[in-house]
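Q: Hi! Could you walk me through the side-chain contacts in this one? I'd like to start with the sulfurs and then get to the rings.

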Amino acid sequence: QVQLVESGGGLVQSGGSLRLSCAASRFPLSFGSYVMSWYRQAPGKQRELVAGITSVGGSTNYADSVKGRFTISRDNAKNTVYLQMNNLKPEDTAVYYCKARARALDSWGQGTQVTVSS
């Protein structure tokens, strides 16, 4: 079971930036084998995919609502995936979760709160 620990959340004003990190450990495969994703869940809403990055790190995908503002990246040497969030909006307020997927098995982190004030 992969252990994932998110960090970097907080309170920021509209238009500001935050960088989330997700550190992985206890993974039975090499970290580079995992497809990594960021999800978010706002109060009263379903959890939604924000961004994903392939195991090799060559391909990324984003929700339409964050394209051009958020960037996902990974450092396989540090077993860490990042989410750079720029030009944040109040509607980005949510708990952000990191997910690791390999061999059809998913592991989730505990989440980090991001709050954007208007």
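A: Happy to! A disulfide here is a pair of cysteine sulfur atoms within 2.5 Å. One thing to keep in mind is that this is a predicted model.

Q: Good. How many disulfides does that rule give?

A: The count comes to one disulfide. C22 is joined to C98, with an S to S distance of 2.1 Å.

Q: And what is the handedness of the disulfide between C22 and C98?

A: The disulfide is left-handed, because the torsion about its S-S bond is about -80°.

Q: Where in the chain do the two cysteines sit?

A: C22 is in strand β3 (residues 18–25) and C98 is in strand β9, so the pair links distant parts of the chain, 76 residues apart.

Q: Is C22 buried or exposed? And what about C98?

A: C22 is buried, at a relative accessible area of 0%. C98 is buried too, with 0% as its value.

Q: Nice. Switching to aromatics: how many pairs turn up in the whole structure?

A: The search finds four aromatic pairs. One of the pairs is F27 with Y34: the ring centres are 6.3 Å apart and the planes make an angle of 70°, so this is an edge-to-face pair.

Q: How accessible are F27 and Y34?

A: F27 is partly exposed, at 22% relative accessible area. Y34 counts as buried, with 5% relative accessibility.

Q: Which residues make up the cluster that ring pairs link?

A: That would be F27, F31 and Y34.

Q: Let's move to the tryptophan. What is the geometry between the rings of Y97 and W108?

A: Their centres are 6.5 Å apart and their planes are at 85°, so Y97 and W108 form an edge-to-face pair. This pair links distant parts of the chain, with Y97 in strand β9 (residues 94–102) and W108 in strand β10 (residues 105–108), 11 residues apart.

Q: And is Y97 buried or exposed?

A: Y97 counts as buried, since its relative accessibility is 14% and the cut-off for buried is under 20%. W108 is partly exposed, at 34%.

Q: Last one: which charged end sits over the ring of Y97?

A: That is R47, whose charged end is 3.7 Å from the centre of the Y97 ring.

Note on methods. Residues numbered from 1 in each chain as written. Predicted model: local features only at pLDDT ≥ 70, side-chain atom pairs only at ≥ 80, totals over all residues. Heavy atoms only, no water. Phe/Tyr/Trp six-rings, centres within 6.5 Å; stacked < 30°, edge-to-face > 60°. Buried < 20%, exposed > 50% of the residue type's maximum accessible area, 1.4 Å probe, protein only. Helix = DSSP H or I, 4+ residues; strand = E, 2+ residues; numbered from the N terminus. Lys NZ or Arg CZ within 6 Å of the ring centre and 35° of its normal.
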